[in-house]
Amino acid sequence: MTKPHPIIRQIIDRDCHVAASNRAVIRHVVSRLAKKHATFRSMSREHRRSLMRDCIAVHAENRTLYRAVVTGRIYQMEG
């Protein structure tokens with residue numbers, strides 16, 4: 001899997017709560033594109049799916065980090 005674009009990561013990190021559904025995160029990222037949904041629809045099917053996979057992967061990483069912080073495992077991992 002390729003590394004997600006930094007802008008996708010920034011949008012999700014800044015605007016999306018970890019409890020949000022994957023669908024809500026994808027919708028939010030699409031709403032932040034230049035021409036919103038028109039840009040998304042103009043992408044090839046392959047690129048749209050890649051964007052959605054990247055959104056879900058970044059969101060999953062955020063959930064994992066959140067769980068580690070809340071359960072205290074983040075401190076065990078560092079020290």
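Tutor: Let us begin with α2: the cover over its buried residues includes α1, α3 and α4. Buried means under 20% relative accessible area, exposed over 50%, and partly exposed in between, with a 1.4 Å probe and protein chains only. Helices are DSSP runs of H or I with at least four residues, strands are E runs of at least two, and both are numbered from the N terminus. This is a predicted model, where local features need pLDDT of at least 70 and side-chain atom pairs count only at pLDDT 80 or more, while totals for chains, interfaces and linings use all residues. Residues are numbered from 1 along each chain as its sequence is written, and side-chain values use heavy atoms, leaving out hydrogens and water.

Student: Which residues of α2 are buried?

Tutor: In α2 these are V25, I26, H28, V29 and V30.

Student: How do I read the packing of α1 and α2, and at what angle do they pack?

Tutor: α1 and α2 pack at about 120°, with axes 10 Å apart. They are therefore oblique to each other; under 35 degrees would be roughly parallel, over 145 roughly antiparallel, 65 to 115 roughly perpendicular, and the rest is oblique. Their crossing is right-handed, a term for the near helix being turned clockwise from the far one by less than a right angle (anticlockwise is left-handed).

Student: Which residues meet there?

Tutor: From α1 come I11, I12 and D15, and from α2 come V25, H28 and V29, where contact means heavy atoms within 4.5 Å. By class, that contact has four nonpolar, one polar and one charged residues. Here Ala, Val, Leu, Ile, Met, Phe, Trp, Tyr, Cys and Pro count as nonpolar, Asp, Glu, Lys and Arg as charged, and the others, Gly among them, as polar.

Student: And at what angle do α1 and α4 pack?

Tutor: Helix α1 (residues 6–15) packs against helix α4 (residues 45–71) at about 45°, their axes 10 Å apart. That makes α1 oblique to α4. α1 passes α4 in a right-handed crossing. On the α1 side the contact uses I8, R9, I12 and D13, and on the α4 side L51, D54, C55, V58, H59, E61 and N62. Those residues divide into five nonpolar, two polar and four charged.

Student: What makes up the largest nonpolar core?

Tutor: A nonpolar core is a set of buried Ala, Val, Leu, Ile, Met, Phe, Trp, Tyr and Cys residues joined through side-chain atoms within 4.5 Å. The largest one has 12 residues: I8, I11, I12, C16, V25, I26, V29, V30, F40, L51, C55 and V58.

Student: What is phi at K36?

Tutor: Most residues other than glycine have a negative phi. K36 has a positive value near 55°. K36 sits in the loop between α2 and α3 (37–42), and counts as partly exposed because its relative accessibility is 47%.

Methods: Axes fitted to C-alpha atoms, helices over the stretch in contact; angles between N-to-C directions.
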